[in-house]
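Look at the chain below, and keep its aromatic side chains in view. The report starts with them and then turns to the backbone and the chain as a whole.

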Amino acid sequence: MKLKLGIPKGSLQEKTLSLFKKAGFNISVRERSYFPTVDDPELELVMLRAQEMAYYVEAGVLDAGLTGEDWIQENEADVVRVAELVYAKQQMVPVRWVLAVREDSEIKDVKDLEGKRVATELVNVTKKYLAENKVNAEVEFSWGATEVKVASGMVDAIVELTETGQSLRRHNLRIVDTICESTTKFIASKKAWEKEWKRNKIESIVVLLQGALSAEFKVGLKMNVNQSILEEVLSVLPAIRRPTISPLSEQGWYAVESIIEEKVVRKLIPKLKQMGAEGIVEYPLNKVIP
């Protein structure tokens, strides 16, 4: 039996493949191929645009896949949201869909869109947003270069995806409102979720992916510590819960091990050395399972 899994093609592709590799799955993508190979005989992979993923998962063509919450809503897809995958430090952080206009536009809020034209790729979500604000405006689908359309006066406003807003500012555009935020979701079809083998397989993959995410920008740190300074070392040593302490063969000495944020290591190691810790070793992590 195989699980048919959708891998997002495009902006999320490399980040997704990198995450799977860290989770223990070696995926190979041949040039111009939409069917990657993976060193797991229970998986069949298909590459698909994130915009279409929820549609094909809901239809049962795919058992599961990764896509954004925005595209689930856009497709009005009835799928199982198995897990949220929030990637750390510029990996897959939450993104925003914002309403933007030219810097010199008279449009100050959503009510000013009455009778105006809006271009976006997120048509259904935008229409719902306008309806909730009781605004009648024409919403047209945009295939791309959306910023140019409002900057050149082809439309009055756009709804565009952004992380920092820098691209919009470069085009002399101003954000009026945030329509929605989106994070990456691991989704499954209801049909697949009801089958025990497929559900177990999906949950196993998610555990490994979330373990890889939890390990982002964390490292392991271990050292030998004399009993006389043990409490002092523990007082400055962060950990997920408490550091692991094991007695060494030499009486009065302990091996101390902890998982900490990588950014604090450069300050912590010299301090531990000054306290008297010995044999300090820093090592990378692939997965941390909470």
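## A buried tryptophan and its partner

Trp 71 has a relative accessible area of 8%, so this residue is buried, the cut-off being under 20%. The model is a predicted one. A search of the whole structure turns up 4 aromatic pairs. In one of them, Trp 71 is paired with Trp 97 in an edge-to-face arrangement, with 5.7 Å from centre to centre and 90° between the planes. Because Trp 71 belongs to helix α3 (residues 69-74) and Trp 97 to strand β7 (residues 95-102), the pair ties together parts that are 26 residues apart in sequence.

Is Trp 97 buried or exposed? Trp 97 counts as buried, at 2% relative accessibility.

## A second aromatic pair

Phe 141 and Trp 143 form an edge-to-face pair, because their planes stand at 85° and their ring centres are 4.8 Å apart; planes over 60 degrees apart count as edge-to-face. Phe 141 is partly exposed, at 37% relative accessibility. Trp 143 has 80% relative accessibility and is exposed.

## Two residues with positive phi

Most residues other than glycine have a negative phi. Asn 172 is not a glycine, yet its phi is positive, at about 60°. Asn 172 sits in the loop between α6 (166-170) and β11 (173-182). With a relative accessibility of 53%, Asn 172 counts as exposed.

Phe 217, also not a glycine, has a positive phi of about 60°. Where is Phe 217 found? The loop between α8 (196-214) and β13 (218-226) holds Phe 217. At 33% relative accessibility, Phe 217 is partly exposed.

## The chain as a whole

The chain contains 10 helices and 16 strands. The C-alpha trace spans about 80 × 50 × 35 Å along its principal axes. The radius of gyration is 25 Å, whereas a compact globule of 290 residues would have one near 19 Å. Of contacts between residues at least 6 apart in sequence, 68% join residues at least 24 apart.

## Surface and charge

Of the 290 residues in the chain, 44% are buried. The chain exposes about 15,800 Å², and carbon and sulfur atoms supply 47% of this area.

How many positive and negative side chains does the chain have? There are 41 positive and 43 negative side chains. The centres of these two sets lie 2 Å apart.

Notes: Residues numbered from 1 in each chain as written. Predicted model: local features only at pLDDT ≥ 70, side-chain atom pairs only at ≥ 80, totals over all residues. Heavy atoms only, no water. Helix = DSSP H or I, 4+ residues; strand = E, 2+ residues; numbered from the N terminus. Rg over C-alpha atoms; globule rule 2.2 N^0.38 Å. Buried < 20%, exposed > 50% of the residue type's maximum accessible area, 1.4 Å probe, protein only. Contact = heavy atoms within 4.5 Å. Areas by Shrake-Rupley, 256 points an atom, 1.4 Å probe, with all protein chains shown as cover. Lys, Arg positive; Asp, Glu negative; His and termini not counted. Charge placed at Lys NZ, Arg CZ, Asp CG, Glu CD. Phe/Tyr/Trp six-rings, centres within 6.5 Å; stacked < 30°, edge-to-face > 60°.
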